[in-house]
Amino acid sequence: MSNHVRLGKQGEALALAYVAKYCEVLHCNWKSGRLELDIVARRHTCIYFIEVKTRRTDLFGYPEEAVDRKKEQHIRDAATRYLEVHELHPREIRFDIIAIVKNDSGALQLFHLKDVF
């Protein structure tokens, strides 16, 4: 397994553990055709669609900057499909990003950006 794939998996595991502390995790890496969602969670009457971005460094930009308009639309389309497939009609939905960066000491730092789009 390559280093960037390993780092991505570490980031996703950290994000999942973080989300599980305050939400019920419904799915991880949910796919439908070409659509994919990193984490789908529920808390009370809200469904959270969470994109996880992990980077080795922030020298070339922050991880969340990788979520451009095209990626945002892809996540929205996937969320719509997810709600259809699972016949869910939540009162509220929210799109979050969890950005993870490896710091100078090698530890992963997590930043939760809420309701980003």
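Trainee: Which residue in β3 does I39 stand opposite?
Mentor: I39 stands opposite I50 in β3. Bear in mind that this is a predicted model, where local features need pLDDT of at least 70, side-chain atom pairs count only at pLDDT 80 or more, and totals for chains, interfaces and linings use all residues. Residues are numbered from 1 along each chain as its sequence is written, and side-chain values use heavy atoms, with hydrogens and water left out.

Trainee: And in what sense do β2 and β3 pair?
Mentor: Strand β2 (residues 35-43) pairs with β3 in the antiparallel sense, over 5 bridges; strands are DSSP runs of E with at least two residues, helices are runs of H or I with at least four, both numbered from the N terminus, and pairing requires at least two DSSP bridges between two strands.

Trainee: What is the strand order in the sheet?
Mentor: The sheet is open and its 5 strands follow the order β1-β2-β3-β4-β5, with mixed pairing. Because β1 (24-32) and β5 (108-113) each have a single partner strand, they stand at the edges, and one side of each has no neighbour in the sheet.

Trainee: Switching to T54, is this residue buried or exposed?
Mentor: T54 is buried, at a relative accessible area of 15%, where buried means under 20%, exposed over 50% and partly exposed in between, using a 1.4 Å probe and protein chains only. T54 is found in strand β3 (residues 46-55).

Trainee: What is T54 in contact with, neighbours within four places in sequence aside?
Mentor: Those contacts, meaning heavy atoms within 4.5 Å, are with L7, G8, G11, E12 and I100.
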